[in-house]
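Biologist: I would like to learn how to read a structure feature by feature. Could you take me through one?

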Amino acid sequence: MSHNPVRPWRNIERRKSRQIMVGSVPVGGGAPISVQTMTNTDTSDVKATLAQVIAAADAGADIVRVSTPDQASTRALREICRESPVPIVADIHFHYRRAIEAAEAGAACLRINPGNIGSAERVREVIKAARDHGCSIRIGVNAGSLEKHLLDKYGEPCPDAMVESGLDHIKLLQDNDFHEFKISVKASDVFLAAAAYQQLAEATDAPIHLGITEAGSFVAGAVKSAIGMGALLWSGIGDTIRVSLSADPVEEVRVGYEILKSLGLRTRGVQIISCPSCARQGFDVIKTVEALEERLSHIKTPMSLSIIGCVVNGPGEALLTDIGFTGGGAGSGMVYLAGKQSHKMSNAQMIDHIVELVEQRAAAIEKGAQKPVDADL
Ligand code: SF4
């Protein structure tokens with residue numbers, strides 16, 4: 001539970017789940033909710049794939065998935081896993097040999113549905129490879145690829161069918177005494193995904209991987225993911241998340257973090273609080289915030305910055321932020337430090353000045369010399 005005695009309305013009581021490891025990253029059991037993404041390069045192109053993995057890791061991804069549809073990909077996986085700064089999940093669909101090769105190549109986790117592998121002997125072989133190489137497994141149920149017998153039984157993809165599918169896959173792992181697994185029940189429809197996840201959360205104590213699949217383009221997908229995953233996370237469900245967008249994996253990571261930041265579940269970097277701007281603004285709020293987002297993207301220390309166009313809301317917002325700037329008259333505004341009014345600064349120099357102040361404060365917070373103003377950060 002994120003316990004906040006000062007602001008109890010911010011508390012989220014997280015569902016209790018077992019903990020598993022995806023390489024060095026704990027998932028479930030109260031561990032920080034990890035952010036994942038997936039590369040969209042040809043995995044056999046080691047250079048391009050590693051570049052994307054590293055860019056995603058720099059943006060904050062804790063875990064990155066790569067798809068391994070053929071032998072060329074599982075061969076490339078060895079170097080990708082060795083060079084990657086974060087654990088790699090190998091995405092496998094039906095080919096049990098690819099799963100074994102991926103485990104041997106150093107994947108930290110296999111995304112595979114044991115019910116799709118084929119004979120019981122093949123399932124045993126994959127589980128043995130996972131066990132021998134310290135891999136966990138993610139069962140990934142998807143509304144779009146439910147087993148035929150479940151579609152016949154339920155008529156269409158529905159929460160009952162998705163959870164039944166998940167529990168059937170879980171049973172195969174448990175029958176082989178394998179318990180290092182997490183599970184997802186994704187759908188592109190937020191209502192279906194949310195209902196399936198709620199039902200799943202009741203039916204198992206396995207860690208849950210959240211996702212609204214094929215969510216769409218950057219803006220549409222981000223909104224859909226924030227609604228679906230946000231509602232689930234707010235109710236305490238979810239141990240690791242992946243936002244699926246038809247966009248760069250780095251954008252998926254950014255959106256994933258923003259969802260977690262909005263709920264106070266994870267923090268990273270500068271949280272900018274800014275007003276929408278209007279005729280009262282003392283400087284160009286929109287352009288300034290764009291420039292600051294860009295110039296401050298290297299800061300990883302959790303802290304807050306308020307950029308407000310005028311005194312209507314500026315001083316109030318600045319009270320709760322590490323650094324604040326409020327527009328005033330005559331081409332200058334007021335700078336706030338740790339919630340207190342500090343000094344005036346001209347609009348022309350304010351971006352460079354704020355960047356410098358944020359960098360200084362981040363360094364002081366890292367050293368333990370100062371604390372972030374918002375105790376929830
Ligand atoms: S804070 Fe001031 S500038 Fe910003 S939207 Fe409100 S009134 Fe307009």
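Modeller: Gladly. Let us begin with burial: a residue is buried when its relative accessible area is under 20%, exposed when over 50%, and partly exposed in between, using a 1.4 Å probe and protein chains only. Helices (H or I, at least four residues) and strands (E, at least two) are DSSP runs, numbered from the N terminus. This is a predicted model, in which local features need pLDDT of at least 70 and side-chain atom pairs count only at pLDDT 80 or more, while totals for chains, interfaces and linings use all residues. Residues are numbered from 1 along each chain as its sequence is written, and side-chain values use heavy atoms, with hydrogens and water left out.

Biologist: Which residues of α4 are buried?

Modeller: They are Val123, Val126, Ile127, Ala129 and Ala130. To see where they sit, we take the arc of the directions from the helix axis to the C-beta atoms. In α4 the buried residues fall within an arc of 155 degrees, so they line one face of the helix. Contact means heavy atoms within 4.5 Å, and the buried residues of α4 pack against α3 (96–105), β6 (109–111), β7 (136–142) and α6 (159–175). Just after the helix, Gly134 has a positive phi of about 65 degrees.

Biologist: How do I check the length of a helix?

Modeller: The expected span is 1.5 Å times one less than the number of residues. Helix α1 (residues 46–58) has 13 residues and should span 18 Å; its end C-alpha atoms are 18 Å apart, which agrees.

Biologist: Which residues of α1 are buried, and which are exposed?

Modeller: Val46, Thr49, Leu50, Gln52, Val53, Ala56 and Ala57 are buried. Down the axis of α1 they fall within an arc of 160 degrees, so they line one face of the helix. Lys47 and Asp58, on the other side, are exposed. The partners of the buried residues are β3 (34–38), β4 (63–67), α2 (71–83), β5 (88–91) and α9 (249–262). Just after α1 comes Gly60, with a positive phi of about 120 degrees.

Biologist: What about strands? Which way do the residues of β8 point?

Modeller: Phe181, Ile183 and Val185 point one way, Lys182, Ser184 and Lys186 the other way, and all are buried. With 6 of its 6 residues buried, β8 (residues 181–186) is therefore largely enclosed by the rest of the structure. Two strands pair if DSSP finds at least two bridges between them. β7 and β8 run parallel and are joined by 6 bridges; Arg138 has Lys182 in β8 as its bridge partner.

Biologist: In what order do the strands of the open sheet lie?

Modeller: The order is β11-β12-β13-β14-β15, 5 strands with mixed pairing. Its edge strands, β11 (270–274) and β15 (340–346), each pair on one side only. β14 (residues 332–337) pairs with β15 in the antiparallel sense over 6 bridges, and Gly333 has Met345 as its partner in β15.

Biologist: And how are two packed helices described?

Modeller: By the angle between their axes and the distance between the axes. Axes are lines fitted to C-alpha atoms, for helices over the stretch in contact, and angles run from 0 to 180 degrees between N-to-C directions. The axes of α10 and α12 (residues 347–367) come within 10 Å and cross at roughly 35 degrees. At this crossing, Thr288, Ala291, Leu292 and Arg295 in α10 meet Met350, Ile351, Asp352, Ile354 and Val355 in α12.
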